[in-house]
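Reader: Hi! I'm new to this, so please walk me through this protein in plain words.

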Amino acid sequence: MNFKKFFGIAAATMMSAAALTGCATAKTSSNSGNKATDNKIRIGVNLELSGSVASYGQQEKKGVTLAAQEINKKGVKIGGKTYKVKLYISDNKSSTSTAASVAAQLANSDKIVAEVGPAATAYATASISNLTKAGVPLVSPSATAAEFTQTKSGQTQKYVFRSCFIDPFQGKKAADFMYNTLKKRKVAVVADNSTDYGTGLTKSFTTEFKKLGGKIVTTQYFQSGDKDFNSTLTTVKGKNPDAVYLPGYYTELGLVLKQAREMGIKVPFVGGDGMGSPKLAQIAGNKNATNVYYTTHFSTKSTDPAVTKFLKVYKAKYHEDPAVFSSLAYDAVYMVVKAAQNEGEVSSSAVQKGLANLKNFKGVTGSITMDSKHNPQKSVVVEQMTNGKIAKAYTVK
């Protein structure tokens, strides 16, 4: 998805300071968190509702609001008592300093038991210190940087979780899909090496594809902003691959597809969620955006009963199909509630423990089991494009 380009840049500016902050707060947390004294599960929502990435926060707000509305129809039994969700929604204005102050307000004044958000890695990272000091866990729906849940020394941040998969996991699942579903054995890689996103997916895909028994016949690179890929594609065509792995963003990938098809390269192209934009087909041309696949978190073409139910309810409320951000945020709220339910207590410490031990949680974005680094191990969706439209969805478990 194109949001990764922003997330990667923002995360890079924050990573060193954020990692150091994580090391410090991991040792200085003195608060045991908050605990419900009534029948309310207080969840803070710290999102980018204005500013440079407001569209992401606005989409996630829809997801959390719908989840709370659903839960509150009947309430949820926890420890023999029926609870309802109370959301405290705040705008971090796409600002790291505001995200941090919002986190402090939610934890210390509003007495939330958990926070959902922020959406972007940089703003989510900025809120870690204050939440850790307060002993309050957070679940980011879409902070995808691999290091987000870890300190600089590699320790797991106790109070930090996410509902999205990370980029290395996505690359691994793409290799699985290419080898086991498409049955391809000789693959060329054409990758954007000007972003961590492109290089990271290349590394994880290549490692896994070789491990499965496949062969990488050539790896070619391009830069963000490139327009002419004919030389690169001539090399690829000469290697006669069964398929091409194409990690990058739709701005360049649309042109790669257009030029590849015009050159007579008809094999499948498989990419990451950076392909997941309607603009890909606009750039490539609908005819050229055929036999194209990409990994993503969620698909409206899924036939899973939980997803079809979610689609129906979401569309009835908002009169549109849900974006990936909305679905990930929806799952994040349910993860918090399920964590409390599993531990039999509505408190920050119970939610933290329940999230760390979450297993086989059935969300609309997949079945989630939390690993030791607080990253979801979950199924990945692969969408197939035919004539510029999403024609089918696969699940890679």
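Author: Two strands pair if DSSP finds at least two bridges between them, and helices (H or I, at least four residues) and strands (E, at least two) are DSSP runs, numbered from the N terminus. This is a predicted model: local features need pLDDT of at least 70, side-chain atom pairs count only at pLDDT 80 or more, and totals for chains, interfaces and linings use all residues. Residues are numbered from 1 along each chain as its sequence is written, and side-chain values use heavy atoms, without hydrogens or water.

Reader: Okay! In which sense do β9 and β10 pair?

Author: Strand β9 (residues 243-245) and strand β10 (residues 269-271) are parallel, with 2 bridges between them. V244 has F269 of β10 as its bridge partner.

Reader: What's the strand order in their sheet?

Author: Going across, the order is β8-β7-β9-β10-β11-β15-β16, an open sheet of 7 strands with mixed pairing. β8 (215-222) and β16 are at the edges with a single partner strand each, so one side of each has no neighbour in the sheet. On average, neighbouring strands here are turned by 25° against each other, direction ignored.

Reader: Which strands does α6 lie across?

Author: Helix α6 (residues 196-212) lies across β7 (186-192), β8 and β9, at about 165° to β7. Axes are lines fitted to C-alpha atoms, for helices over the stretch in contact (heavy atoms within 4.5 Å). Angles run from 0 to 180 degrees between N-to-C directions. Helix α7 (residues 230-238) also lies across β7, β8 and β9, at about 175° to β8.

Reader: And what about the open sheet of 6 strands?

Author: That one has the order β2-β3-β1-β4-β5-β6, with mixed pairing. Its edges are β2 (76-78) and β6 (160-162), each with a single partner strand, so one side of each is left without a neighbour in the sheet. Inside it, β4 (residues 114-116) and β5 (residues 138-140) run parallel, joined by 2 bridges.

Reader: New topic: what domains does the assignment give?

Author: Domain 1 (40-165 + 303-378) and domain 2 (168-296), with bounds from an automatic or database domain assignment. Their C-alpha centres lie 32 Å apart, and 5 residues of domain 1 are in contact with 5 residues of domain 2.

Reader: Where does the largest pocket lie?

Author: Both domains give residues to its lining, so the largest pocket lies between them. Its volume is about 790 Å³. Of the 26 lining residues, the closest to the centre are G276, S277, P278, Y294 and E383. Among the elements giving two or more lining residues are α2 (54-74), α11 (324-343) and β15 (380-386).

Reader: What counts as a pocket?

Author: On a 1 Å grid over the protein atoms alone, a pocket is an open set of points where a 1.4 Å probe fits, with protein on both sides within 12 Å along at least five of seven lines; lining residues have an atom within 4 Å of a point. Points are joined across faces, edges and corners, and the volume is the space filled by probe spheres set on them.

Reader: Last one: which residues does a cis peptide bond join?

Author: G117 and P118, with omega at about -5°. P118 sits in the loop between β4 and α4 (121-134). Most peptide bonds are trans.
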